[in-house]
Amino acid sequence: MEHDRPVILLVAGEHADVVEQEFRARYDRDYRIELTAGAEAALDRARALVAQGEQIAMIAAEQRLDDGTAIELLHQVPAVVATARRVALVPFEIFAESLDDLRAATMRRELDTFVILPRGPRDEEFHTALIELLSEWNWSVGRPVVTVTDLVAEPGDRAAAAIRDLLERLGFPYRSLTPADDDAHAILEAAGPGAELPVVSTHTGRTLSGATSAAVAESIYGGFDSIPDGVIADVAIVGAGPAGLATAVYAASEGLATVVLERDAIGGQAGSSSMIRNYLGFPRGISGMRLAQRSRIQASRFGARFFTGRPAIRVEPGPPNEPEHQHVHVTGAQLCARTVVLATGVAYRRLGVPGVEELVGAGVYYGAATSMAREMQDRDVYVVGGGNSAGQAAVHLAKFAGGVTILVRRASLAETMSDYLVREIEATPTIQVRTRTVVADGGGEGWLQWLRLEDLDTGEHTKTSADGLFCLLGAEPDCAWLPEGVALDERGFVLTGRDVPRESWVDGHPPASLETTVPGVFAVGDVRAGSMKRVASASGEGASVLPLVHAHLARLRAREFGA
C-alpha cells in the first residue's frame with residue numbers, strides 16, 4: 001500500500017526531469033517519490049505528510065530553486081521533520097561556484113551531504129551517497145520490514161530493553177512484540193509451557209525463555225562450549241571493539257588462527273555511536289554499528305571466529321609440559337592461544353547517584369542506547385558527558401526528543417569535544433548545554449520522571465522533569481581480572497613497552513611497544529595506558545600489533561624447533 005512506503009520528497013528547479021528520472025528509476029519500488037517545485041511548496045508538503053503520519057526518509061533539493069536555494073530550504077527542514085535526510089543536488093555547471101557555500105552549510109549541519117546531478121547513465125557515485133543515507137535512516141528511524149529475530153516482552157521490561165539495544169548495535173533487524181500480539185502466540189508456544197518473558201526467537205531457530213542480552217549474543221555467534229578441546233589458536237583477541245576487530249582482520253588475513261572473545265555486542269562502545277564523522281575514508285560519516293558490522297564480516301571472511309556473551313575472567317600460562325601458550329578462561333570454558341591481545345576497551349563510569357542507579361534500564365542508560373532514541377519521541381532528555389560519544393548521542397537523540405540538554409562539569413564543550421561536534425550541537429536548536437552542572441538526584445515511579453541538578457559554581461539545586469538520562473561519563477578500564485603479572489598504571493590501564501616498570505625489563509630491554517609485562521600478551525586501544533582514546537587510533541593499534549605477534553610466534557617456533 002502507498003502509505004507503507006516512506007516518502008522521498010524531491011524539490012526541483014530547472015532540472016526537474018533529470019531529478020525525477022534518477023530517483024524513480026532506482027527507488028520507486030521501496031519509497032514513494034513525490035516531486036515539488038520550490039522551497040515553500042516543499043515545506044508545505046512536508047508539513048502535510050507529517051500531519052498524516054507519513055514517514056519522510058529524505059528531502060533532496062536542487063541547489064537553485066525559483067524561490068531560494070537548497071541550503072536555505074534544507075536548513076528549515078528539521079523544524080518540520082528532524083529525522084529526514086537532507087541532500088543538496090548540484091548541477092555540474094554551478095558546482096564550482098557553489099562549493100564553498102555547500103561545504104560551509106555541511107559544517108553547520110544545515111544539510112547531510114551534497115552530490116552532483118548525474119550527467120549520464122550509471123552514475124553510481126551519486127547513488128552510493130543516497131543509498132548510504134537511506135541505509136542509516138532505515139536503521140535508526142525506519143522500522144524493519146524483514147526481520148530475523150523476534151522479541152516478546154511486556155512493555156517496560158528492562159531485560160528486553162537490554163536485548164533491543166544489543167540487536168540494534170549488532171545491526172540485526174528484529175520485531176518487538178507483546179504477549180497479546182497475534183504474531184507472539186506461535187513464539188510463546190515454541191518456548192513451551194511456563195515460558196518466562198522475555199522470549200526471543202532467534203535467526204537460528206532457537207527459542208530462548210527468560211532471555212538475557214548475554215544469552216542472545218551467545219546464540220547469534222555460537223556458544224563457548226563449541227570451542228574445540230586441545231586446539232591452540234595463534235592469537236586470542238579479548239574484546240571486539242575497533243582495536244580488537246582490526247587485529248582480527250589483519251591476523252586472520254595473514255593466515256593466523258584467530259579467535260575473538262567479546263562479552264557484549266561486537267563493536268564495543270564505538271558500536272553504539274549513531275554517527276562517526278571523522279573516521280578516515282567515510283566522508284559522509286558512518287554509524288558505529290555499520291563500522292562494526294562490516295569489520296566483523298571482513299574478519300569472518302578471512303576465517304576469524306567470534307564468541308560472544310561471556311566475559312573473560314582469567315589469563316594464565318599453559319602447563320609447562322606443553323608448547324608455550326596462554327589459557328584464556330571465560331565462565332564454563334577455556335581457550336588456548338599462543339598469543340593474547342587485550343582489546344577490552346573501557347566502560348563508562350557510573351554516576352553514583354542512588355535514586356538514578358535504581359532506574360538503569362528504565363529511563364536511565366549508560367552509553368548511547370541508540371535503540372531507545374525512538375522511544376524518546378517529543379520527550380525531555382538529558383545527556384551527561386562532554387566527550388565525542390556524548391555529543392554524538394545528543395545529536396542523534398535530538399532527531400526524536402522534544403528537547404535535549406547536555407550536562408558537563410567543565411566550563412565548555414570545546415575542552416573535551418571535537419570541534420565538528422561542537423558546531424553541530426550549536427546548530428541544533430533543540431539542544432542546550434548546561435556547563436558546570438551535575439546530576440545530584442533523580443527518581444520516578446518505575447521510570448525516570450525527574451532530576452535534581454546542581455550548579456557547581458553556586459551550589460544551587462534545581463529540580464526538573466526528565467524522561468530519559470543517557471550517561472557517557474568517560475573511561476574506566478576493566479582490568480581487575482588480569483593476572484598480577486600484567487602491570488597497570490595508577491588509573492588501572494595496561495602498561496606496555498617502555499612504560500612498564502624497569503624491573504620488568506629483560507636484560508635491560510623493555511617489552512615490545514604494545515607488549516605487556518607478560519611475554520606474548522599484548523594490549524591495544526583504549527585499555528592501553530597512553531592510548532589516544534579514539535576509534536581511528538584504536539584501529540591503528542589493532543593493526544600495528546600484528547608484526548609483534550608474528551615476532552613472538554617466530555620466537556616460539558624457534559624454541560620449539562631448538563628443543
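This briefing covers the cores, sheets, ring contacts and backbone details of the structure above. The model is predicted. Its largest nonpolar core has 67 residues, and a second, separate core has 45. The structure holds five aromatic pairs, while the count of disulfides is zero.

**Nonpolar cores**

- In soluble globular proteins, nonpolar side chains tend to be buried together.
- Beyond four places in sequence, Phe23 touches Ile8, Leu10, Asp28, Ile33, Met58, Ala60, Leu89, Phe126 and Leu130.
- Phe23 also belongs to an aromatic cluster, with Tyr27 and Phe126 as the other members.

- Strand 6 (residues 85–90) and strand 7 run parallel and are joined by four bridges.
- Leu89 has Val115 of strand 7 as its bridge partner, and Leu89 is also among the residues that Phe23 touches.
- Strand 7 (residues 113–116) has Thr113 and Val115 on its covered face, with Phe114 and Ile116 on the uncovered one.
- In a regular strand the side chains alternate between the two faces of the sheet.
- Thr36 lies in strand 2 (residues 32–37) and counts as buried because its relative accessibility is 12%, under the 20% limit.
- Apart from neighbours within four places in sequence, the contacts of Thr36 are Leu9, Leu10, Val11, Ala12, Ala41, Ala42 and Arg45.

- Four strands in the order 9-8-10-11 make up an open sheet with mixed pairing.
- Strand 9 (174–177) and strand 11 (207–208) are the edge strands; each has a single partner strand, so one side of each lacks a neighbour in the sheet.
- Strand 8 (residues 149–152) pairs with strand 10 (residues 199–201) over three bridges, in the antiparallel sense.
- Val152 has Val199 as its bridge partner in strand 10.
- The loop between helix 7 (184–191) and strand 10 contains Pro198.
- Leu197 and Pro198 are joined by a cis peptide bond, with omega about -5°.

**Helix 8 and its cover**

- Helix 8 (residues 213–221) has Val216, Ala217, Glu218, Ser219, Ile220 and Tyr221 as its buried residues.
- Strand 10 and strand 11 are among the elements that cover these buried residues, as are helix 6 (158–170), helix 10 (288–301) and strand 14 (305–308).

**Rings and charges**

- Tyr279 and Phe282 form a tilted aromatic pair, with 6.0 Å centre to centre and 35° between the planes.
- Tyr279 is buried at 18% relative accessibility, whereas Phe282 is partly exposed at 23%; the two fall in separate classes because the limit for buried is under 20%.
- Arg502 has its charged end over the ring of Trp505, 4.1 Å from the ring's centre.
- Phe493 has Lys533 over its face, at 4.6 Å from the ring centre.

**Cysteines**

- Cys336 is buried at a relative accessible area of 12%.
- Cys471 is also buried, with a relative accessible area of 0%.

**Loops and positive phi**

- Most residues other than glycine have a negative phi, and most peptide bonds are trans.
- Arg122 is not a glycine but has a positive phi of about 55°.
- Arg122 lies in the loop between strand 7 and helix 5 and is exposed, at 68% relative accessibility.
- Asp507 likewise has a positive phi of about 55° without being a glycine.
- The loop between strand 27 and strand 28 holds Asp507, which is exposed at 71% relative accessibility.
- Asp499 is in the loop between strand 27 (475–477) and strand 28 (521–523) and is partly exposed, with a relative accessible area of 48%.
- Between Asp499 and Asp157 there are 46 Å in space, C-alpha to C-alpha, and the two are 342 residues apart in sequence.

Conventions
Residues numbered from 1 in each chain as written. Predicted model: local features only at pLDDT ≥ 70, side-chain atom pairs only at ≥ 80, totals over all residues. Heavy atoms only, no water. Core = buried A, V, L, I, M, F, W, Y, C linked by side-chain atoms within 4.5 Å. Buried < 20%, exposed > 50% of the residue type's maximum accessible area, 1.4 Å probe, protein only. Contact = heavy atoms within 4.5 Å. Pairing = 2+ DSSP bridges. Helix = DSSP H or I, 4+ residues; strand = E, 2+ residues; numbered from the N terminus. Phe/Tyr/Trp six-rings, centres within 6.5 Å; stacked < 30°, edge-to-face > 60°. Lys NZ or Arg CZ within 6 Å of the ring centre and 35° of its normal. Disulfide = S-S within 2.5 Å.
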